[in-house]
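Hi,

Here is the structure I promised to send over. Have a look, and my notes follow below.

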Amino acid sequence: LSRNNRGKGPICNSIGQNIGYFLSYVGFLALNDVDSSENLWRPMLGMKSKPGVGLVSLGGFVKFMGTFMLVITVLVSLFKKEIDMSIEGGEMCTVGV
């Protein structure tokens with residue numbers, strides 16, 4: 001990060017972790033809950049009714065999220081390029097200072 005934005009890094013990290021934790025926890029509970037699956041998700045997605053069964057299991061949710069994270073990580077590593085800001089003396093070159 002640039003010198004001006006270094007203080008924002010920990011804040012963005014904390015906010016991102018809290019949002020991810022909230023969405024994964026609440027998302028799993030909403031998709032695994034039998035009542036919300038029968039009354040909300042299955043009618044919305046046009047699926048057949050399966051009384052007593054949630055839309056996803058814990059194993060299915062973990063496999064999906066793990067695959068999703070791996071795909072996103074690979075895509076970022078392929079398409080995001082870093083700018084080498086180092087100079088030969090071991091110092092970091094700063095932009096705009």
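Let me start with a helix contact: Ala30, Leu31 and Asn32 of helix 1 touch Val34, Ser36, Ser37 and Trp41 of helix 2, where contact means heavy atoms within 4.5 Å. Helices here are DSSP runs (H or I, at least four residues), numbered from the N terminus.

Before going on, some housekeeping. This is a predicted model, so local features need pLDDT of at least 70 and side-chain atom pairs count only at pLDDT 80 or more, while totals for chains, interfaces and linings use all residues. Residues are numbered from 1 along each chain as its sequence is written, and side-chain values use heavy atoms, with hydrogens and water left out.

Back to that pair: helix 1 (residues 8–32) and helix 2 (residues 34–45) pack at about 75 degrees with axes 5 Å apart. The axes are lines fitted to C-alpha atoms over the stretch in contact, with angles running from 0 to 180 degrees between N-to-C directions. That makes the two helices roughly perpendicular (65 to 115 degrees).

The term means a side-chain nitrogen of Lys or Arg within 4 Å of a carboxyl oxygen of Asp or Glu. The structure holds 1 such bridge. Arginine 42 and glutamate 38 sit 4 residues apart in helix 2, so about one helical turn separates them. Both are buried (under 20% relative accessible area, 1.4 Å probe, protein chains only).

Cheers

Definitions and conventions
Angles under 35 degrees count as roughly parallel, over 145 as roughly antiparallel, 65 to 115 as roughly perpendicular and the rest as oblique. Buried means under 20% relative accessible area, exposed over 50%, partly exposed in between (1.4 Å probe, protein chains only).
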